[in-house]
Amino acid sequence: MSDPAAKRLLMDEEERSWTELHALVDALPHSELATPGYFEEGWSAKDLVAHLGSWLAEAGVVLERMTFGTYRADELDIDDMNERFYRAMKDVSFATVRAQAVAARTRMLRVWGSMDEADADADAWIRKAGTEHYAEHLPRLRAWVAERVA
């Protein structure tokens with residue numbers, strides 16, 4: 001993406017989606033954050049935040065590799081990574097999960113914003129871990145929050 005205006009639009013889209021996601025999670029009663037059922041495999045809203053935060057952390061690592069010239073566009077075993085992220089975060093408190101997600105997003109955006117040159121791979125990772133990933137989960141989260149708050 002070489003157009004600064006296009007990058008700004010992607011940044012704005014990421015911010016809007018992130019804000020909506022956290023507004024929805026914040027609408028849940030604290031007692032509902034770890035209630036299974038958000039996702040058919042038994043995920044809770046806490047698990048969703050952990051999942052997103054883990055992918056944001058992965059994106060931050062990838063973007064740093066791009067910055068230092070050590071990035072290789074390898075195929076990812078997404079199901080395996082999702083399972084590893086879930087196992088690593090399933091017993092972590094919501095407060096810690098949220099802090100990790102916020103820190104991971106901040107790092108990802110900081111690295112992306114500091115990249116000297118536009119990079120289509122970098123923008124693709126922002127979409128993959130950010131905007132498109134949020135969009136994948138927002139419809140179910142909206143429905144889950146409506147079910148749990150009603």
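1. Helices (H or I, at least four residues) and strands (E, at least two) are DSSP runs, numbered from the N terminus. In these terms, S44 belongs to the loop between α1 and α2. The model is a predicted one, in which local features need pLDDT of at least 70 and side-chain atom pairs count only at pLDDT 80 or more, while totals for chains, interfaces and linings use all residues. Residues are numbered from 1 along each chain as its sequence is written, and side-chain values use heavy atoms, with hydrogens and water left out.

2. S44 has a relative accessible area of 1% and is therefore buried (under 20% relative accessible area; exposed is over 50% and partly exposed in between, with a 1.4 Å probe and protein chains only). Leaving aside neighbours within four places in sequence, S44 is in contact (heavy atoms within 4.5 Å) with L33, A34, T35, P36 and Y38.

3. The side chain of S44 also makes polar contacts, that is, pairs of N or O atoms within 3.5 Å; within protein, one atom must be able to donate a hydrogen and the other to accept it, and residues adjacent in sequence count only if both atoms are side-chain atoms. One reaches the backbone oxygen of L33 at 3.4 Å. At the start of α2, a side-chain oxygen of S44 comes to within 3.3 Å of the backbone nitrogen of K46.

4. Of the 24 residues of α2, 18 are buried. G69 follows the helix, with a positive phi near 75°.

5. The largest nonpolar core has 40 residues, among which L63 and L141 touch the most other members. Such a core is a set of buried Ala, Val, Leu, Ile, Met, Phe, Trp, Tyr and Cys residues joined through side-chain atoms within 4.5 Å. Helices α1, α2, α3, α4 and α5 each supply at least two residues of this core, and α2 gives the most, with 11. Beyond four places in sequence, the contacts of L63 include M108, V111 and W112.

6. Which residues of α4 are buried? They are F94, V97, A101, A104, R105, M108, V111 and W112. Seen down the axis of α4, these buried residues fall within an arc of 135°, so they line one face of the helix (the arc is that of the directions from the helix axis to the C-beta atoms). They pack against α1, α2, α3 and α5. T106, also in α4, is partly exposed at 47% relative accessible area.

7. The structure holds five aromatic pairs: rings of Phe, Tyr and Trp (its six-membered ring) pair if their centres lie within 6.5 Å, and planes under 30 degrees apart count as stacked, over 60 as edge-to-face and the rest as tilted. Y38 and F39 are stacked, at 6.0 Å centre to centre and 20° between the planes. The ring centres of W43 and Y86 are 6.4 Å apart and the planes at 5°, so this pair is stacked. W43 lies in the loop between α1 and α2 and Y86 in helix α3, so the pair ties together parts 43 residues apart in sequence. Y38, F39, W43 and Y86 form one aromatic cluster.
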